Every structure is written in C-alpha cells, then in structure tokens.
Amino acid sequence: MVPKPLFAVLTVLSLLAIASAVVAAQTPAWMNPSLTPDARADLVLAQMTKAEKLRLVVGTSQRPQGDAFGPAGFVPGVARLGIPALRESNAELGVAVAQRGDAVRKDDEATALPSGLAPAASWNPSIAYANGAMIGQEARRMGFNVLLAGAVNLARDPRAGRNFEYAGEDPLLAGMMVGASIRGIQDQHVISTLKHFALNDQETNRTVLDAQIDPAALRESDLLAFEIAIEQGRPGAVMCAYNMIDRVHACEDGELLDRVLRREWGFRGWVMSDWGAVHSTVTAARAGLDQESGSDWDSRAFFGKPLGVAFAEGALPRKRLDEMAHRILRTMFAKGVIDHPPAVAPLDVDRDARVAQRAEEEGIVLLRNRNDLLPLSSQVRSIAVIGGHADIGVLSGGGSSQVVPLGGPALRIEYRNAHSATPSAMVFDPSSPLRAIAAQAPAAHIAFVAGDDRDAAARAADVAIVFATQWEMEGRDSATLSLPGDQDRLIAAVAAANPRTVVVLETGDPVTMPWRNRVGAILEAWYPGARGGPAIANILFGAVDPSGRLPQTFPASADQLPRPEIPGRHIPWNTTFTVDYSEGASVGYKWFDARHLTPLYPFGFGLSYTHFRYGDLRLAGGKTITATFTVTNEGKRSGADVPQLYATIPGAKGNATRLVGWSKVALAPGESRRIRIAVDPRLLAQLDDRHQHWDIKPGAYRLDLGASSLDLRLAATALVAAQTMPP
Ligand code: BGC
C-alpha cells in the first residue's frame with residue numbers, strides 16, 4: 001500500500017510528466033537548445049516552403065507594416081515555425097536608428113560612443129569589447145537582433161569619409177579591436193556583421209569604383225584585418241561591399257566570398273549585401289551572396305522572385321537555396337537570437353554613459369605638451385574656451401552610423417549630399433566640454449568665445465583652450481587634410497595672443513597642423529561621444545593619464561600619400577573608374593617607412609603625463625618569435641603605456657615593417673612589469689598567392705620595441721625557421 005502523502009506526490013509527478021509531454025509535442029524539435037545549430041536549422045528547413053525560403057534571403061529598408069520603429073533592414077521571419085524576423089540596425093558607434101526625415105523620436109535615442117578611432121587608439125581590446133557589449137544590450141532593449149556593426153576597412157587614405165567608423169590603418173590592430181567589439185555584441189545574443197568586405201576604402205564614387213591591387217598584398221593588408229576580426233569575433237554575418245575589386249563587384253566575387261571567406265577561413269555565417277550593392281541574381285548567388293539586403297536600394301530586386309525563377313529554370317541548383325537559408329537559420333540559433341529574443345525595455349543610460357566615457361578617456365591622444373602645460377591645475381585663475389560649439393556639445397560623424405544622442409542633439413545642421421540616399425546632418429552630442437572644464441576648476445573665471453573677440457579673450461586668460469572640428473560623413477571624402485574653414489588661422493591667432501594655448505581636435509581623420517609649433521598642447525579627441533565633455537576635462541586636468549596612441553599616421557602633407565588626391569574626385573558621379581592601390585600592403589606607416597617619409601605624427605604615437613622606460617628585450621625564435629621585455633613607469637604619476645613591437649621581414653619586397661604585437665600596461669609610479677608577446681606567425685609570413693599559402697622565409701628577423709613606429713628604442717634579432725601554412 002502506498003501511503004497517502006506519497007501517493008499524492010506521485011500523482012502530481014505523473015501529471016507533470018504528462019503535461020510536459022504535451023508541451024514537448026507542441027514545442028517543435030528545432031526549439032531544443034541541446035541540438036546543434038546545424039541540426040536545428042535543418043529541422044526548420046525541412047518544414048519550410050520554397051516561398052518562405054525565398055523570403056528569408058531578401059531584406060528591405062522599408063518600414064514593416066504596423067511597425068513603429070524604422071530598422072535599417074528588415075527580413076520577415078517565419079512566424080508559423082517560430083522563426084522571428086531579422087530586425088537590423090546600424091551600430092558601429094552605438095545603436096543608430098535609421099532616420100527617415102521624420103521628427104527625431106525619443107525611442108530612437110541611444111548612447112553615442114566615441115568614433116571608432118577612439119577605441120582603436122586605446123589599443124585595449126577590453127575597451128572595444130565593453131563598447132560592443134553596451135551596444136548589444138541597448139540593441140536588445142530597442143528590439144533589434146542584428147547589428148550592422150564591425151566595420152574594419154583599413155584607413156588607406158587619411159581623407160576617407162568613413163575612417164572615423166573604422167579602426168585605423170594596421171590589420172592586426174584593426175582586426176583585434178573590431179573582433180573584440182563583435183564578441184561583445186554577440187555575447188548579448190545579438191548577431192553582428194563584419195563589413196564592408198572588402199576594399200571599400202574611400203567614399204568618393206564608392207558604388208562604382210574598381211579597386212585594383214595585387215592579390216597577395218590584399219591578403220596581407222585589408223583581408224588580414226577581416227581574417228583576424230573573424231577569428232576574434234566570430235561574426236554571424238559578413239556584409240559585402242559596394243565597390244568592385246579587379247572589375248568584379250564585391251558581392252559577385254566568388255574568390256572573396258567563397259574561396260577566401262568560406263573555404264580558407266571556415267566562415268559559417270551568411271553573406272549579406274550592402275544596401276544597393278547587388279547587381280545580379282545568378283552570378284551573385286553563385287559567387288556566395290546569401291541575402292540581398294535593402295533590396296529597395298538596388299536598381300531592381302535580384303533575389304526573391306527572380307531568384308525563384310532562376311531555381312525553377314535550373315540556372316541555379318536547388319540546394320543552393322537551402323544552403324542560403326540554412327546559413328541564416330543556423331546563425332540565428334548559434335548566436336541565440338531565437339532562444340533569447342530581444343525584450344524591449346528602457347536603456348541603462350548611466351551604466352552605458354560610463355562605457356562611452358571610458359572609451360573616450362582611453363582613446364584621447366596627447367600629441368604635444370610643451371613645458372608640461374598639461375595637466376592644468378584646478379587652481380588656474382582664468383580660462384578662455386574657444387570655438388567648436390564647446391559650450392553645448394561635441395561633434396559626431398555623419399551617415400548611417402549616426403546615433404540619435406540621448407536627450408536629442410545639442411545642435412543639428414542638415415546636410416544635403418547630392419550623391420547619397422542616406423540623410424545626413426552634422427550632429428553635436430549634448431556633452432558640454434565647457435561645463436566639464438568649469439566643474440574641474442570651480443574657482444576659475446571661464447569665458448566661452450565663438451565670435452571675433454577670440455584673440456582678446458585668449459590674451460586675457462591664463463590658458464586658452466581652442467576646440468577645432470572636422471566633420472566627416474559617409475558618402476563623402478575630405479578634399480584636403482586641412483581643418484575646414486578658417487580654423488588654422490584662428491588657432492594661429494590665439495596662439496600668438498597666448499602661448500599657453502591648448503588645441504582639442506574633434507576630427508574624423510588626421511589633419512595637418514600648420515600652427516603645431518606655436519601652441520602649447522594638442523589633444524586628438526576624435527568624435528568624443530556621449531560623455532565627451534567630462535572625458536576631455538579629465539584628461540586636461542590630469543584626473544586620467546592620457547594613454548591613447550595613434551591608430552593612423554598623421555601625414556605632414558598630402559604629397560606624402562600614395563595618392564596626393566582622392567581618386568575619382570573629378571570624375572562624374574557614378575562613372576566607373578579605377579583606384580590603383582599600388583602601395584599594396586604598405587598601408588600607412590609601412591608606406592612612410594618604405595619611402596623614408598617623416599610624418600607629422602607617426603602611427604602608435606601618444607604622450608603621457610608620466611615617462612616609461614623599456615628594458616631587457618629578449619627574443620626566442622623557432623616557428624615564431626616570442627619577445628619578453630620590461631616596462632617601467634619612471635615618472636611620479638600613475639599612467640598606462642603601449643609598448644609596440646615591429647618586425648622587419650628580411651627580403652620582403654613591400655610590407656617589410658609590421659606591427660606584430662603590443663601590450664597596454666597600467667603602472668603606478670616606479671612600478672615595472674615584464675611583458676611577454678608571442679607573435680602570430682602570419683605576421684612574419686608573406687602570402688604566396690600562386691601556391692596559396694603563407695610562407696615564412698628562414699633567417700634572422702629583427703624586432704624593434706618602441707613607443708611608436710618611429711620611436712624605436714630597443715632591438716634584437718631571432719632566428720626563425722622556414723615554414724609554410726595554409727592561408
Ligand atoms: C552602408 C552600410 C550600412 C547600410 C544600411 C550602407 O549605405 O554602407 O554600412 O550598414 O547602408 O544602412
């Protein structure tokens with residue numbers, strides 16, 4: 001006889017078992033998270049109709065019916081099978097809800113991060129990761145499950161209009177930083193792209209330009225940045241670019257999308273097009289394009305119906321459609337967007353603002369500090385703050401990455417770009433440097449001057465701080481390296497009136513500085529983001545030691561560049577033309593090094609308020625090089641340094657000097673640390689494109705340890721063995 005209480009328990013248990021069996025019968029097998037993403041995708045696919053598969057491979061930028069948001073991209077799901085729609089937002093620098101000329105909506109506001117060159121200048125992947133995690137969390141709360149983020153095009157030209165979204169000119173640095181930010185995004189169960197694959201390295205005529213480059217050099221430069229970012233970030237999707245490469249549209253380039261990306265790098269996600277970058281149905285699908293995004297931007301729809309016809313007529317094998325849909329579905333399962341759907345909720349604005357502030361504080365680069373003008377004392381009696389709308393906010397970059405800042409823009413100036421469908425405006429984020437400076441020097445008399453009386457104000461003050469701005473945007477490159485308008489003249493005049501002049505640059509790219517030797521201090525603050533004001537003030541007054549280092553060479557003049565003019569500037573819009581990347585993999589500092597050119601400021605450069613010494617560099621050779629060395633903070637303040645290792649590749653025809661490693665080291669006064677860096681062997685290799693492998697030539701390799709690509713302080717050599725590696 002079963003005792004009564006036990007009987008009752010058993011009854012409840014058996015009822016529960018029956019109930020869960022009923023639920024299991026209703027829960028489709030693909031919702032079982034213990035199955036692999038591939039198995040789950042196959043189970044869904046088996047239930048899908050051809051029409052449903054065809055819908056999954058086409059996106060639109062049109063607002064879906066009844067949808068209050070305006071995602072940049074939308075792909076309907078398969079509701080009857082529990083597959084959600086893909087709701088895509090741009091998000092390199094924060095969640096950037098697409099603006100459609102409507103009044104700015106409160107719900108579109110998000111935390112604006114500093115521009116991409118700031119986290120890149122931090123040389124600290126954990127900053128990039130935190131940025132990504134913050135973006136991913138905000139995206140979930142705003143209802144997005146795919147972020148068009150992870151922009152890693154190399155800065156081949158310091159006038160290119162989107163460099164501010166990217167991570168500089170070096171493939172290792174850019175790949176590591178962008179990969180870390182993608183990891184941060186996807187750890188929140190949001191899919192991230194990696195874009196724009198590949199060679200969309202300038203904006204002028206970007207949709208029709210034909211980029212010519214030696215294939216091996218491409219692998220050692222732009223593609224290496226993508227390869228490293230894929231390894232580090234495992235993005236769910238890769239976005240193919242607008243331009244052509246060697247006369248083939250990037251979204252039709254089988255070499256790139258199939259051979260390199262899939263077969264050599266083992267990419268398992270899906271390839272989506274950039275908006276308006278598709279030009280064919282069969283050719284693109286054969287080459288490896290899995291999804292036509294923003295199909296309403298293309299000259300006509302190429303996927304969807306025309307794709308259905310191509311399958312029906314046998315122009316494409318039927319299994320290709322399954323493959324396309326499988327890649328999308330498996331990624332949705334693998335990255336967790338189905339098991340952990342976004343849940344709309346208010347943003348955690350304080351926490352997120354701290355992320356933005358830290359990224360800016362670690363990304364600001366101190367370029368000059370004559371007679372230790374900085375840090376300023378909080379006892380300073382009077383400060384003239386001049387220009388750049390520093391009373392109300394900080395500048396941001398324009399185009400699809402433009403975040404609608406929390407609290408709305410401090411200033412918004414509409415801009416009509418005749419050559420781009422993307423609406424643009426010059427937006428100042430509402431974080432006032434003036435207020436933040438005043439908070440650090442409460443007893444000081446602080447005047448803000450924007451008008452003609454600037455020299456007089458500078459003369460009357462203990463210190464003059466000039467804010468100079470250079471606005472850049474998607475779809476347009478800068479014509480020159482100069483600060484726009486009369487800012488060079490203004491800075492020179494202020495410096496003549498007061499030698500204690502500090503220049504704070506808010507620029508999207510390197511600029512020339514004809515006044516450089518006449519001012520006391522220069523800070524490169526990039527586009528500073530949601531807490532730009534306090535971050536700049538913390539550096540100015542020394543609450544934070546400047547530890548940013550340049551991720552891009554600052555040229556002394558345009559004559560030093562491989563192309564003194566931006567290509568295509570004088571060619572009628574939408575006329576195909578060639579950009580000859582004859583510098584190959586010698587991008588940025590590598591070009592300057594090979595040509596013995598002295599830049600204005602070299603790659604990797606940045607000052608601190610303390611001093612660091614490097615010692616005892618030792619190398620171990622073999623299959624790669626492992627370096628150990630000591631960094632010591634010799635000054636009286638805490639600070640962080642970025643010791644950098646550069647290799648010289650014996651016998652290399654181009655791309656001979658390469659950044660092969662670095663470490664971001666925070667040290668208290670007098671503290672030392674031993675650092676160990678194992679070099680990725682690919683960075684010692686040359687790509688043998690004919691034989692399709694990385695090739696390390698045996699010999700003595702020299703490694704320099706330095707504080708920039710020019711300030712090389714210690715050197716040693718190591719013997720490296722011959723080696724070939726699969727690409
Ligand atoms: C840009 C992409 C962006 C897309 C969607 C394109 O014009 O090149 O970076 O993700 O638009 O807004």
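Contact is taken here to mean heavy atoms within 4.5 Å. Helices (H or I, at least four residues) and strands (E, at least two) are DSSP runs numbered from the N terminus. The model is predicted, so that local features need pLDDT of at least 70 and side-chain atom pairs count only at pLDDT 80 or more, while totals for chains, interfaces and linings use all residues. Residues are numbered from 1 along each chain as its sequence is written, and side-chain values use heavy atoms, with hydrogens and water left out.

Helix H13 (residues 349-363) takes part in two helix pairs, described in turn. In the contact with helix H5 (residues 125-141), Ile127, Ala130, Asn131, Met134, Gln137, Glu138 and Arg141 of H5 meet Arg351, Asp352, Val355, Arg358, Ala359 and Glu362 of H13. By class, this contact of H5 with H13 has five nonpolar, two polar and six charged residues (Ala, Val, Leu, Ile, Met, Phe, Trp, Tyr, Cys and Pro count as nonpolar, Asp, Glu, Lys and Arg as charged, and the others, Gly among them, as polar). The axes of H5 and H13 are 10 Å apart, and the packing angle is about 150°; axes are lines fitted to C-alpha atoms, for helices over the stretch in contact, and angles run from 0 to 180 degrees between N-to-C directions. H5 and H13 are therefore roughly antiparallel, given that angles under 35 degrees count as roughly parallel, over 145 as roughly antiparallel, 65 to 115 as roughly perpendicular and the rest as oblique. The crossing of H5 and H13 is left-handed (the near helix is turned anticlockwise from the far one by less than a right angle; clockwise gives right-handed).

With helix H17 (residues 532-540), H13 crosses at roughly 40°, and the two axes come within 9 Å. The pair H13 and H17 is therefore oblique, and its crossing is right-handed. Gln357, Glu360 and Glu361 of H13 and Gly532, Pro534, Ala535, Ile536, Asn538 and Ile539 of H17 make the contact. Four nonpolar, three polar and two charged residues are found in this contact of H13 with H17.

In soluble globular proteins, nonpolar side chains tend to be buried together. A nonpolar core is a set of buried Ala, Val, Leu, Ile, Met, Phe, Trp, Tyr and Cys residues joined through side-chain atoms within 4.5 Å, where buried means under 20% relative accessible area, exposed over 50% and partly exposed in between (1.4 Å probe, protein chains only). The largest such core has 83 residues, of which Ile83, Leu194, Phe197, Phe303, Leu307, Leu329 and Met332 touch the most other members. Helix H12 (residues 318-334) gives the most to this core, with seven residues. Leu307 touches Leu54, Val57, Thr281, Ala285, Phe302, Leu316, Leu321 and Met324, residues up to four places away in sequence not being counted. Thr281 lies in the loop between strand S10 (270-273) and helix H10 (282-287) and, at 12% relative accessibility, counts as buried.

Most residues other than glycine have a negative phi, and most peptide bonds are trans. Lys195 and His196 are joined by a cis peptide bond with omega of about -5°; His196 is in strand S5 (residues 191-197). The bond from Phe197 to Ala198 is cis, with omega near -5°, and Ala198 is in the loop between S5 and strand S6 (209-212). Arg234, in the loop between helix H8 (222-233) and strand S7 (237-240), has a positive phi near 45°. Asn574 has a positive phi of about 70° and is partly exposed, with a relative accessible area of 49%.
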